[in-house]
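Please look over the structure shown below before reading the briefing that follows.

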Amino acid sequence: MNTPSAATMIEVRNLRKQFGSNVVLKDISLTVEKGSVVAMIGPSGSGKSTLLRCLNLLTIPDGGHIRVGDHAVTFDGTAACLPGDRKLAEYRANTGMVFQHFNLFPHMTAVQNVMEGLVTVRRQPKPQAREKALELLARVGLAAHAEQYPNKLSGGQKQRVAIARALAMQPQVMLFDEATSALDPELVGEVLNVMKALADEGMTMMLVTHEIAFAREVADQVIFMRDGVVVESGPPAQVIESPHEAATRSFLARFN
Ligand code: ADP
Ligand code: MG
């Protein structure tokens with residue numbers, strides 16, 4: 001999966017990141033094909049979140065190169081390599097990110113959360129942005145909750161608002177960082193169903209997950225990370241069911 005082609009949506013080359021003396025990403029290279037789903041698994045602290053955050057430019061890598069769709073950045077460890085504010089906002093909107101803890105704006109209703117980027121980044125008139133936001137809330141099953149504030153929503157509902165908010169920007173890729181890890185078990189399914197529907201519609205997705213059965217079902221590629229390196233990657237049937245590496249086997253044994 002390391003040879004870019006015309007159908008490559010995400011390209012990561014020689015990505016490096018360290019925090020102080022802690023080298024968190026060690027020369028990561030990978031490609032993600034348009035319309036495919038990549039699941040990242042691995043122990044806590046292996047660099048999965050940092051990799052997703054680098055893809056969204058929330059964390060600035062020390063070196064390497066990232067291309068997501070039409071947007072490419074080569075890193076030199078300084079902020080100078082970043083695009084200017086407007087282009088940076090566009091870049092981030094194009095890589096929709098969903099976090100474990102939702103990160104909704106608490107003082108805004110569900111529909112206001114979803115329309116916010118359309119108004120501030122895309123400069124859409126409010127009525128048009130609102131219409132689009134209501135349509136997206138309906139798509140994630142929340143038409144009846146548009147006027148609720150986040151503190152009146154369940155975790156599963158909050159996460160679906162967060163997904164609708166990312167989708168509003170019509171991103172070329174969606175990144176999910178343990179999107180269901182903070183949810184009560186009975187609420188996990190409703191979020192996974194939305195993610196599955198997105199995958200079925202052809203969205204290019206990268207997700208960090210501990211839902212191994214979901215990764216097995218939905219992912220085209222599974223990446224096992226440990227200590228800042230990709231230990232192995234391949235189709236789920238191979239990585240999950242007959243891993244080549246002992247480290248992958250011992251990690252997966254926890255889930256049996
Ligand atoms: P994972 O998501 O696989 O659990 P992370 O990417 O969150 O791993 O973290 C990888 C390593 O980077 C950990 O050792 C973590 O402590 C460190 N780390 C992550 N973010 C920061 C930060 N902002 N400052 C310092 N260290 C960080
Ligand atoms: Mg993490």
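In the hairpin of β1 and β2, which glycine takes a positive phi? Glycine 20 does, with a phi near 60°, in a hairpin that has 2 residues between the strands. This is a predicted model, in which local features need pLDDT of at least 70 and side-chain atom pairs count only at pLDDT 80 or more, whereas totals for chains, interfaces and linings use all residues. Residues are numbered from 1 along each chain as its sequence is written, chains are lettered from A and ligands numbered from 1 in the order in which they are written, and side-chain values use heavy atoms, with hydrogens and water left out.

**Strands and hairpins**

- Helices (H or I, at least four residues) and strands (E, at least two) are DSSP runs, numbered from the N terminus, and two strands pair if DSSP finds at least two bridges between them.
- Strand β1 (residues 8-19) runs antiparallel to strand β2 (residues 22-33), to which 8 bridges join it, and phenylalanine 19 has asparagine 22 in β2 as its bridge partner.
- β1 also pairs with β4 in the antiparallel sense, over 5 bridges; here isoleucine 10 has valine 68 as its bridge partner, while glutamate 11 stands opposite arginine 67.
- On β4 there is a further antiparallel pairing, over 5 bridges, with strand β5 (residues 71-75), in which histidine 71 is the bridge partner of valine 68.
- The hairpin formed by β4 and β5 has 2 residues between the strands, and glycine 69 in its turn has a positive phi of about 55°.

**The enclosed strand β4**

- Buried means under 20% relative accessible area, exposed over 50%, and partly exposed in between, using a 1.4 Å probe and protein chains only.
- Because 6 of the 6 residues of strand β4 (residues 63-68) are buried, this strand is largely enclosed by the rest of the structure.
- In a regular strand the side chains alternate between the two faces of the sheet.
- In β4 both faces are covered, with Gly63, His65 and Arg67 buried on one side and Gly64, Ile66 and Val68 buried on the other.

**Nonpolar cores**

- A nonpolar core is a set of buried Ala, Val, Leu, Ile, Met, Phe, Trp, Tyr and Cys residues joined through side-chain atoms within 4.5 Å.
- The largest such core has 56 residues, and those that touch the most other members are Leu137, Ile163, Met174, Phe176, Met195 and Met205.
- Helix α6 (residues 185-200) gives the most to this core, with 8 residues.
- Another core, of 32 residues, lies apart from it and has Leu55, Tyr91, Val173 and Met225 among its members.

**The largest pocket**

- A pocket is an open set of points, on a 1 Å grid over the protein atoms alone, where a 1.4 Å probe fits, with protein on both sides within 12 Å along at least five of seven lines, and its lining residues have an atom within 4 Å of a point.
- The largest pocket is lined by 23 residues, and Arg92, Ala93, Phe105, Arg165 and Met169 lie nearest its centre.
- The largest share of this lining, 6 residues, comes from α3.

**Arginine 122**

- Arginine 122 is found in the loop between α3 and α4 (126-139), and it is partly exposed, with a relative accessible area of 26%.
- The C-alpha atoms of arginine 122 and methionine 169 are separated by 8.1 Å, although these residues are 47 residues apart along the chain.
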